[in-house]
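Take a look at the model first, then read on.

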Amino acid sequence: MTDRTADTPRPDAQVHFGVFFQGVNHTTIWSDPASGSQIDFETFRRVATTAERGLFDAFFLGEGLRLREQDGRILELDIAGRPDAITQLAALAGITDRIGLVATQNTTYNEPADLARRLAGLDVLSEGRAGWNAVTTDNAWTGANFRRGGYLDHAHRYERAAEFVATVREIWDSWGENVIATSQHSPSWAAPDAVRTVERDGAHIRATIRPTVPRSPQGHPVIFQAGDSPTGRDFAAAHADVIFSRHGTFFEDALAFAEDIRARLRAAGRPEDDIRILPGTQIVLAEKESEVEEKVRWVKESQYTGQTALSLAGQVWGRDLSDRDPDGPLPEQDPEPRPIAPTRGSPRGGQDPLEIAREWRARAEAENLSLRQVVTASTERSGFAGTPAKVADELARWVRHGATDGFNISPYLVPTGLDEIVDWLVPELQERGVYRTDYTGTTLREHLGLRDPLTRR
């Protein structure tokens, strides 16, 4: 069933799926008996091969450079700790055939020559399936793990990122086309002047680089970007192939974001369809409509355990609340106006903690809610929930009305949480003509329908 009504701007658009294997987080239900290890290779293998069976574009690996902390101690409630992303993806490249492999890698605490080489190596070994989620960090807490901890001002993080990406692209472009011998009878393994030296003398990066890895079938890795600030959006419009956004729950919000990105692309001199927008989202499916509400409740209550609720409330109140009963009332005292350290995410979102406390207390009194129930109920709805048919209709609407190009799905349970998506949702999308029935290309760039890299047009 293909939607070709006059008010559908993109009647032939297709839904693209990636799976986001998160880094540090509490939304993965690690304590459920069905949950697998967050470290063992078997978990990564199961998720990646399930996604490939579902014809997903990419397996997207989050990464944190330091474990989150609270009150000076490792926050043991979150999923935390993971082998190096490129190492993991290189292992997955050997047991998969088509799915893209995207590594989150930081532009602040890496060096262009080294990272470009490792990503190019993954791209060549996977025959053109690599992607790079280029992220920035400026805080000294993360930087303390590195030789130059705390050196980068917040205002300069995207300046360095722009220089970093430009340098990496130069490295990837330094090898010519068809310069490697295809026959043992050739006079040399590589053509004369097959590779050129890269010189960079910028404000943040100074280097002379003789690149070592030839081009892959897709030219070079696909570049993802996840910043949402105005500066981050401009950076994406100038450099990225794909945006991994947080606008994956509300249609109007997603559409406004997409329109803003298209405007920034035009301002940057690029076609407005030159970037694929894949917001992160969660999908909860139930076979019957009558089962949806109960499934959603189970997922949310499993994500927001009593101790997690106390930890989040403790950030609002500015004190350790771990000795309280999460099923009891909110604290009687008002929050302390303490700043939140950058050692973990904060539920404040820039809001005054006294204002949050007033809102939570009013809701608790009106609805007779415990501390845990207030924290859970006050968390904004995330993603989609419903029967496979209902969710398929909604995802098709988003894509064909230009709100997004697809979704990067975060399973709430690994490694089995993707099974329902592949077995129930994908067939519904295929029936509607909005999802591929087979891979038609071999590279990540082909899966996403992207043009050649920006530097090769």
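## Salt bridges

Which side chain meets Arg200 in a salt bridge? That's Glu170, at 2.7 Å from N to O; a salt bridge here means a side-chain nitrogen of Lys or Arg within 4 Å of a carboxyl oxygen of Asp or Glu. The pair links distant parts of the chain, with Arg200 in strand β7 and Glu170 in helix α5, 30 residues apart. Helices (H or I, at least four residues) and strands (E, at least two) are DSSP runs, numbered from the N terminus.

A quick word on the ground rules: this is a predicted model, where local features need pLDDT of at least 70 and side-chain atom pairs count only at pLDDT 80 or more, while totals for chains, interfaces and linings use all residues. Residues are numbered from 1 along each chain as its sequence is written, and side-chain values use heavy atoms, with hydrogens and water left out.

The whole structure holds 30 salt bridges. One of them pairs Arg45 with Glu42 at 2.6 Å, N to O; both sit in helix α1, 3 residues apart, about one turn. Another joins Asp260 and Arg264, whose closest N and O atoms are 2.6 Å apart. These two are about one helical turn from each other because they are 4 residues apart in helix α7. Bridges with shared partners tie Asp228, Arg233, Asp234, Arg246, Asp260 and Arg264 into one network.

## Helix α6

Helix α6 spans residues 230–239, and its buried residues (under 20% relative accessible area, 1.4 Å probe, protein chains only) are Gly232, Arg233, Phe235, Ala236, Ala237 and His239. Their cover includes α5, β9, β10 and α7, with contact meaning heavy atoms within 4.5 Å.

## A buried Asp

Asp32 lies in the loop between β1 and α1. Asp32 is buried but has no salt bridge, and the nearest side chain of opposite charge, Lys295, is 11 Å away. (Lys and Arg count as positive, Asp and Glu as negative; His and the chain ends are not counted.) The Asp32 side chain does reach the backbone nitrogen of Ala34 at 2.8 Å. Leaving out residues up to four places away in sequence, Asp32 touches Trp298 and Leu413.

Most residues other than glycine have a negative phi, and most peptide bonds are trans. Glu127, in the loop between α3 and β6, has a positive phi near 60 degrees. Asp193 has a positive phi too, about 55 degrees. A cis peptide bond joins Val414 and Pro415, with omega about 10 degrees.

Notes: Buried < 20%, exposed > 50% of the residue type's maximum accessible area, 1.4 Å probe, protein only. Polar contact = N/O pair within 3.5 Å; in protein donor to acceptor, adjacent residues only side chain to side chain.
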